[in-house]
Every structure is written in C-alpha cells, then in structure tokens.
Amino acid sequence: MKKPELSNLRKNYNSGELNESNLTNDPFKLFEIWFNEALLNDKQEANAMVLSTVSENQSPSSRFVLLKDYSEKGFVFFTNYNSKKGKEIEGNKYVALLFFWPSLERQVRIEGTIKKTSAKVSDEYFYSRPVESQASAIISKQSTVINNYNNLVIKKQQILNSNFLKRPRNWGGYIVTPILFEFWQGRINRLHDRIQYKVKKSKCWKPERLSP
Ligand SMILES: Cc1cc2nc3c(=O)[nH]c(=O)nc-3n(C[C@H](O)[C@H](O)[C@H](O)COP(=O)(O)O)c2cc1C
C-alpha cells in the first residue's frame, strides 16, 4: 500500500481572527460565543471534547467525552466512575479538556480540577437518557476486559426486560473547574492567534496573547 505524502498535507487557515479589541475579561463568555458558533457550523458533535487524565504513576491518557452542561461553575460530562478515567481522577484531580472545531479553525484548551457532580445532577441526566442507553450504562463495566460482545447484548436485554433501570452508584457526572483557558484561532501562514486566560488570586481572569 502506498504511504500518503503526509509532509505535503497542510491546510491554510484563514476563516477568522481573534484580536484584543473583541476580547472579554471573562473566558466563559468567549467560550459561550465560540461554542454557539461551533454548534451552528460544526454539525458533527461540537460538544465532543478530549479529556486527559494522569495516572498515579504520572502516565497521561486521553479520550473523547461529551460536554453535557457548562456554566461559570464548570464543564460537565457523564461516565462510569470505575472506568480507567474514573480511577485516574480518583488519584489525581488535575485534568485537561480540549475542543477542536475544524470548520471554524478553532481549538479551546481548558485545564483545571475535577470532582463528581451531585447525585441529583447525575440522576437528572441518567433518567433523561433513552432507556436503551440507561441499560447499557447499567451493564457495562467500562474499561474492563470482556470475552465477547454478545454477552453485553444479552445482559442489556435482560435489564430492559426486568424494567429495573436504576442509576448505578458508579455512574454519574463530573464537573471540571477551569484554572486556565486557551483560545486558538488558526491564521494565515501559521501566525495563529492564541489567547490564554489564567485565573488570578483575586479570582479575576486576565487575557494574555501567546506566541503561535
Ligand atoms: C465522540 C465521542 C464521545 C464520547 N463520549 C463519552 C462520554 O460522554 N462518556 C463516556 O464515558 N465515554 C464517552 N466516549 C467513549 C470514551 O472515549 C472512552 O472510550 C470511554 O469513556 C472509556 O474511557 P476510559 O477507559 O479511558 O475510562 C465517547 C467517545 C467518542 C468517540
């Protein structure tokens, strides 16, 4: 098979710019503007974000999760607390989130600390999901090795037949409280815009331009 010429694979970014004149001091507001634009333009799961965690022996791992809520309090997603990510979070509360919206040529990085949402938040979301998804969450021991796929299908059907669809205690939400944001807008000839916001002691945010 012929290897693709990756060294020639490059896209010029020219669809926007991020300049100081239209920056707010509030990164959550800028996130909201960009996220709404991504929902309109990036039809493919604009709420997909990469979550990176670090294990107790300092080894990082990343995976996509879906953003299900956000506010000044933080960014919320749902998962299995006993999964690989859940175990890593248990040992290290520092995580990173990453959004990429290709049609807008934009990336947003968020670094922060993570904790579980309340049981009420987890319940509300769990029971808002289609029953098939609830059943899958109940029977999946996420991130463990299994022998075959068929057993999953059988177990899921058994749970559906039993009508006992209760949120397992090991399934629920996490909320990431940001301590750093970086907004990246692709620009022509690789002179990209990068604006970083760090939280200061006074709890104020300050935008700073980073070299591309
Ligand atoms: C677009 C996309 C969205 C996903 N959203 C979630 C999610 O919201 N929650 C979740 O537990 N897994 C989600 N997954 C699956 C995870 O990427 C991952 O396979 C799973 O959570 C197990 O990760 P872990 O073994 O690192 O804990 C998603 C995968 C993709 C590709």
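Predicted model: local features only at pLDDT ≥ 70, side-chain atom pairs only at ≥ 80, totals over all residues.
**Entry 1: Glu105.** I opened the notebook at Glu105, which has 18 C-beta neighbours inside 10 Å and so counts as partly exposed. Next I looked up where Glu105 sits: in the loop between strand 5 (94-101) and strand 6 (106-116).

**Entry 2: Asn163.** I then turned to another residue with a positive phi, Asn163, at about 60 degrees and again not a glycine. I found Asn163 in the loop between helix 5 (150-162) and strand 7 (171-185). Is Asn163 buried or exposed? With 7 C-beta neighbours inside 10 Å, Asn163 counts as exposed.

**Entry 3: the whole chain.** I stepped back to get my bearings. I noted five helices and nine strands in the chain. Reading along the sequence, I wrote down the pattern α-β-β-β-β-α-β-β-α-α-α-β-β-β. The C-alpha trace spans about 60 × 55 × 40 Å along its principal axes. The chain has 212 residues, and 22% of them count as buried. I also checked the contacts between residues at least 6 apart in sequence, and 63% of these join residues at least 24 apart.

**Entry 4: around the ligand.** Which element gives the most to the shell around the ligand? I found that strand 2 does, with five residues. Strand 2 (60-66), strand 4 (74-80) and helix 2 (84-91) each supply at least two residues of that shell. There are 16 residues around the ligand, and Arg63, Thr79, Ser83, Lys84 and Ser143 come nearest. Sorting the shell by type, I listed six nonpolar, six polar and four charged residues.

**Entry 5: His192.** My last stop was His192, in the loop between strand 7 and strand 8 (193-199). His192 has 18 other C-beta atoms within 10 Å, so I put it down as partly exposed. Which residues is His192 in contact with, leaving aside neighbours within four places in sequence? I wrote down Tyr13, Trp184, Gln185, Gly186, Arg187 and Pro212. I also looked at Glu17, which is 175 residues from His192 in sequence and 8.3 Å from it in space, C-alpha to C-alpha.

Definitions and conventions:
Residues numbered from 1 in each chain as written. Helix = DSSP H or I, 4+ residues; strand = E, 2+ residues; numbered from the N terminus. Buried ≥ 20, exposed ≤ 12 C-beta atoms within 10 Å, placed from the backbone. Near = placed C-beta within 6 Å. Nonpolar A, V, L, I, M, F, W, Y, C, P; charged D, E, K, R; others polar. Contact = placed C-beta atoms within 7 Å.
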